[in-house]
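Good morning, everyone. Please look at the sequence and the model on the screen.

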Amino acid sequence: MAAWRSVVLTIFPEMFPGPLGQSLAGKALEGGIWSLDVLDIRDFARDKHRSVDDAPFGGGAGMVMRPDVVDTALAAAAQKWAQEDSSDDQATVKKAPVIYLSPRGRLLTQDLVRDLAAGPGVTLLCGRYEGVDERVLEARDVLEVSVGDYILSGGEPAALVLMDAVVRLLPGVMGNVTSPDEESFGEQGFEGLLEYPLYTRPAEWQGRTVPEVLTSGHHEKVRRWRQAQAEEITRTRRPDLWARYTKGRG
Ligand code: SAH
């Protein structure tokens, strides 16, 4: 099977793979389950100062990433995809989306993560300054994705979050370490619910014991207890998820 590919455009290439070079994601990267190409947007600048930004039309604080520079960088990313795809049947290969990490974007959810993991990969554009000139986003049919309702200083941590969430779903990455099916937002059983409380040894710690049912060895009772706990936690902490869950069942 072809590796899941990521092509990242950034002015801070040294931030990658960063945390994704460690642990299971790092092993999977070394093992060729996924791949990472990092392009330095400054390499596509047009002047000797390698500038990628300029003042906003209309005035105001901050700088804006230039459409011409970003466009050339995106063209280079597309070129990478064209080269890498040559071994596959291009007609059947689902096109990898170009994503601009942006607080205006569609929220990154586990559904979107699953869709991306099922595809060939992704091109990720990391913004800096105030953001990217609107025209290049239109011209290149860029999808905007947000990692949450807060403002980061750049798209790089958001790109790392997105890739982390996708890579752990790729076949062969997690092994038996955990079962992605049973955790929060998982696919089976507790789908759409937050996770139930977890316990491990020691059975008694600082006077606190483990719920008795968990040491009973009664699998069906354990399952029912976890389901009830997951429902209660979701209902009290995330009414929005709870409403969607109960609607899905009703
Ligand atoms: N002026 C913008 C914020 C720019 S922050 C505004 O007010 O909306 C600089 C860059 O960080 C953005 O271009 C984007 O790439 C990235 N970024 C910031 N917050 C983000 C978020 N919640 N999700 C994804 N990317 C984000």
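First, the ground rules. This is a predicted model, where local features need pLDDT of at least 70, side-chain atom pairs count only at pLDDT 80 or more, and totals for chains, interfaces and linings use all residues. Residues are numbered from 1 along each chain as its sequence is written, and side-chain values use heavy atoms, with hydrogens and water left out.

Now the domains. The chain splits into domain 1 (4–167) and domain 2 (186–249). These bounds come from an automatic or database domain assignment. The C-alpha centres of the two domains are 36 Å apart.

Next, the helix pair. Helices are DSSP runs of H or I, at least four residues, and strands are runs of E, at least two, numbered from the N terminus. Helix 6 (residues 219–237) packs on helix 7 (residues 239–249) at about 125°. Their axes, lines fitted to C-alpha atoms over the stretch in contact, lie 5 Å apart.

Now the backbone. What is the peptide bond from Phe-16 to Pro-17, cis or trans? It is cis, with omega near 0°. Pro-17 sits in the loop between strand 1 (4–10) and helix 1 (23–30). The bond from Arg-201 to Pro-202 is also cis, with omega near 0°. Pro-202 is in the loop between helix 5 (156–167) and strand 8 (204–205).

Last, phi. Ser-23, in helix 1, has a positive phi near 55°. Asp-141 has a positive phi near 50°. Asp-141 lies in the loop between helix 4 (134–139) and strand 7 (143–146).

Note on methods
Axes are lines fitted to C-alpha atoms, for helices over the stretch in contact, and angles run from 0 to 180 degrees between N-to-C directions.
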